[in-house]
Amino acid sequence: MDSIEDDTRQSLLDGAVDSGFARLLQIGYKQELKRDLSVLSNFAFSFSIISILTGLTTTYTTGLTFGGPVTMVYGWLIAGLFTLCVGLSMAEICSAYPTSGGLYYWSAMLSGKEWGPFAAWMTGWFNIVGQWAVTASVDFSLAQLLQVIILLSTGGVNGGGYEASKYVVIGFHGGFLLLHAILNSFPISLLSIFGTFAAAWNIVGVFILMILIPLVAPRRATAEFIFTHFNIENDAGIHSKPYIFVLGLLMSQYTLLGYDASAHMTEETRSADKNGPYGIISAIVVSIIVGWGYILGITFAVTDISTLLSSTNDAGGYAIAEIFYLSFKDRYGNGTGGIICLGVAAVAIFFCGMSSVTSNSRMTYAFSRDGAMPFSEFWHKVNQHEVPLNAVWLSAGISFCMALTSLGSLVAFQAMVSIATIGLYIAYALPILFRITLARKTFVKGPFNLGRFSLFVGWIAVLWVVTITVLFSLPVAYPITKNTLNYTPVAVGGLFVLTFGSWLLNARHWFKGPVSNIEV
């Protein structure tokens, strides 16, 4: 650490202090991580975690089932608009407090000395558990897609193709997490190259697939079908159009997630009080635009929804895989081209998982730096390359343990994954709520701010999170049984009980919120 402290002292003497570095000192932390990321690199991490090819490829079946084209085309824009409000409010707070702790630090600062520790505790645990659930979900989705690729490559369901068991799938999942932990052990300067490549792959990959698939498909949907067809046929026993539309929104909202990564990377970003907020906003805006184009392009290749959703098709009911496969098979007599296209999506999902572990580890590092985690002293250590190595491997390990629930029941795993969407959005909303209520008159804005629209946008953001929390807790199938019950309220409620209970019984006696690590 001596070299870091020497650099700090020299920068102060020269008067040439990076604005994000200066702000970090001002809020009570010394520079321990290497500050080497540009605004492009910061954007790349968030954009790679949102990852259009990850979210939309893996949840396209959900959108097609609940509402089809109308839900996907219009639901994406609705979810995108409200998500942008959440992002704008987060960006404003990030500009004032550019630290790796992100959300939980913001909550502590915005809720005052009396409530700060409690607010930080609740926000921090919802944030970190939500992030681990995101990583578990992303890599499990990649394992499932690899299973489908192997299935189609060996003949498909109707050609005697190889269908991997749940144990093989969890093995794939563990292998991917191992690779992601290894990659995240490298210095941030090298990791940022991977992140930038991943962002480019997502953008180029989306444009290739959205043009290529409908171009190759021998039969294409009409514009009228794309913009007006509402699918009410499903095996969930739900026929109310508003209800179906709401359930279909999950595809969009699950995809537009993870942009808090830009906040968690601020201690490694140059001019973080400006570039951190720009990273959050640009990742959301670019994702909305690119994602809508991807939805339109792929859906132009949809002509028979029931066939795509059937478990007896070659992809086993994996809708988007069947679209890619049939487009090439019907045109050229074999589906090899479609399998290669699935590979393009798989690479994007791989990098999404890599960036997710990066974000997880920085949150773990910051949370343990403030003593909030068991064995905090161990988890917040950084190595000679200024990488929080222990936090990296902890994040990968916990994400793997979360996925082990799939061996018992996919219903149990889905309950775990629900924390990724609702739990994480609750963590997003808490500091915004404190900003527009408790800190309404005391909040000191940073270089990026919303001016007079700050409170208005903040209230929209909070109300949207409340709305989706309620909507995504509704039953997703009737009649309700132990296999069809939506366990989201149980999982998120359980997380709340554990977090609040641990505070009440123990943590309130010793956790004091963010603690300065600058020795005076």
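Contact here means heavy atoms within 4.5 Å. The structure described is a predicted model.

**Helix α3**

Helix α3 comprises 12 residues, 39-50. At 1.5 Å a residue the helix should span 16 Å, and its end C-alpha atoms lie 17 Å apart, which agrees. Most of α3 is covered, with 10 of its 12 residues buried. The buried set consists of Ser41, Asn42, Phe43, Ala44, Phe45, Ser46, Phe47, Ser48, Ile49 and Ile50. Among the elements that cover these buried residues are α4 (52-65), α9 (188-216), α11 (241-255), α12 (261-264), α13 (272-299) and α16 (336-369). After α3 comes Ser51, which has a positive phi, near 40°.

**Asn313 and its loop**

Asn313 belongs to the loop that lies between α14 (305-309) and α15 (319-332). Its side chain reaches the backbone nitrogen of Gly316 at 2.9 Å. A polar atom of the Asn313 side chain also lies 2.9 Å from the backbone nitrogen of Gly317. When neighbours within four places in sequence are left aside, the residues in contact with Asn313 are Val157, Asn158, Thr307, Leu308 and Glu322.

**Trp125**

Trp125 is located in helix α7 (residues 112-153). Leaving aside neighbours within four places in sequence, Trp125 is in contact with Gly130, Trp132, Phe367, Ala372, Met373, Pro374 and Thr499. Trp125 and Ser399 are separated by 274 residues in sequence, and their C-alpha atoms are 15 Å apart in space.

**A nonpolar surface patch**

Leu178, Leu179, Ile182, Phe186, Leu190, Ile193 and Trp393 make up a nonpolar patch on the surface, and together they have about 600 Å² of accessible area. Helices α8 (166-183) and α9 each supply at least two residues of this patch. The most is given by α8, with three residues. Leu178, one of the patch residues, is found in α8.

| Residue | Relative accessible area | Class |
|---|---|---|
| Asn313 | 5% | buried |
| Trp125 | 16% | buried |
| Leu178 | 44% | partly exposed |

The cut-off for a buried residue is under 20% relative accessible area, and exposed means over 50%. Asn313, at 5%, therefore counts as buried. Trp125 is likewise buried, because its value is 16%. Leu178, at 44%, falls in between and so counts as partly exposed.

Technical notes: Residues are numbered from 1 along each chain as its sequence is written. This is a predicted model: local features need pLDDT of at least 70, side-chain atom pairs count only at pLDDT 80 or more; totals for chains, interfaces and linings use all residues. Side-chain values use heavy atoms; hydrogens and water are left out. Helices (H or I, at least four residues) and strands (E, at least two) are DSSP runs, numbered from the N terminus. The expected span of a helix is 1.5 Å times one less than its number of residues. Buried means under 20% relative accessible area, exposed over 50%, partly exposed in between (1.4 Å probe, protein chains only). A polar contact is a pair of N or O atoms within 3.5 Å; within protein, one must be able to donate a hydrogen and the other to accept it, and residues adjacent in sequence count only if both atoms are side-chain atoms. Patches are made of residues with over 30% relative accessible area and no salt bridge: like charges are joined within 9 Å, nonpolar side chains (Val, Leu, Ile, Met, Phe, Trp, Tyr) within 5 Å. Accessible areas come from the Shrake-Rupley method with a 1.4 Å probe; for residues, only the protein chains shown count as cover. A salt bridge is a side-chain nitrogen of Lys or Arg within 4 Å of a carboxyl oxygen of Asp or Glu.
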